[in-house]
Amino acid sequence: MPATAQKIVQLSSAEGTWGSTGAMVTKLHGVTDANFKINSTVETVPSLGWFGPSPVAQEQAHSGEGRIEMVTSYEEMPRIVNMFFTAIGASTSVGAPYNYPYTAPVTSTQAVFTYTLGLGSTASAYNAPGSIGKHLNIRGEAGGFWNTRMDFLAQRITVASTGMAAQADRTVNPVRMADTTLYVDAFSTGTVGGTSVSATLIAFELDIETNRHLKLFAGSISPANWGEGKHEVTLRVTAEINASAKALVDELLGSTGAAVSRQIRIGATQGSAASLRTFNLDFAGIKSEGETLFSDRDGNMTVELSWQGRYSTGLSNWFATNIQNGSSSTT
């Protein structure tokens, strides 16, 4: 019987056709937990003449879903973000570092990558063809790493008859809060990432729900496609009360009733030259909740600032992200 510690997550190259089972080519590093869920709808038909369940029953629908939790790294995150936003791909620059920019959908849907995900060990493994990102959560707290949780949908869950084939280990670099900077800029007229705010950020949590769904049609018990939904995004920032954080709270209490909107970048940078690694989360939003004055952190006053996504002409979007690393491929 395999030990839990043997459990690994792998993924295929990007699927050419949604749900076409791809061969595993990459092992995901930094995974702290993962699960697949088999969604099976079975109907037992009540029948006259039976005081208990009748023998008439059939499976009506079959699909899959799952969750992956991992320490965020510069090298693995493009593979995750590929499943949520437009996969622009690597920059055309010759040699490292390579740049992977993404933008969120605004007025139309996007073409994103789907994969076959694999979970298990060499002795016991299962595949999830047609895996597509549904919910993305990225968070961090001072003194630790960024962490990522991804919830995904899958066309189905299948048995990997040959088990989980070994994949080469790769060097990955976790994203540290020690390398993270908070930037806060004017909503429409400012440039995101233009104004850094030091000695303020304690923790952040970015949460994106795509509201994607599976579409079942006559002729199959498995979904034939997946559909897009209206994306929802929130950002929570825990900050120590200083001049910068106080200014935002004071503006919320102003007499004009003006909406408190900002462009916010949570950006991490590590290394230099050809080994330069960056990860920027660019968010445009409006203050969505009041604040509790005050919370406490080690004897210092803090405040939690809650933001709801809002389209900004400055960012030309409500969310964008850019990841730079030394890898020339994300698939």
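This is a predicted model: local features need pLDDT of at least 70, side-chain atom pairs count only at pLDDT 80 or more; totals for chains, interfaces and linings use all residues.
Residues are numbered from 1 along each chain as its sequence is written, and side-chain values use heavy atoms, leaving out hydrogens and water.

**Strand S20**
- Strands here are DSSP E runs of at least two residues and helices are H or I runs of at least four, numbered from the N terminus.
- In S20 (residues 319-325), seven of seven residues are buried, meaning under 20% relative accessible area with a 1.4 Å probe and protein chains only.
- Phe319, Thr321, Ile323 and Asn325 sit on one side of S20, with Ala320, Asn322 and Gln324 on the other.
- S5 (residues 98-103) runs antiparallel to S20, joined by six bridges; strands pair if DSSP finds at least two bridges between them.
- S17 is also antiparallel to S20, again with six bridges.
- Ile323 has Tyr100 as a bridge partner, and Phe279 stands opposite Ile323.

**Aromatic pairs**
- There are eight aromatic pairs, with ring centres within 6.5 Å (Trp by its six-membered ring); planes under 30 degrees apart are stacked, over 60 edge-to-face, the rest tilted.
- Phe36 and Phe152 pair edge-to-face, 5.8 Å centre to centre and 85 degrees between planes.
- Phe36 is in S3 (residues 31-44) and Phe152 in S8 (residues 146-154), so this pair ties together parts 116 residues apart in sequence.
- Both Phe36 and Phe152 are buried.

**Surface**
- Phe294 is in the loop between S17 (277-287) and S18 (295-297), and is partly exposed at 42% relative accessibility, the class between 20% and 50%.
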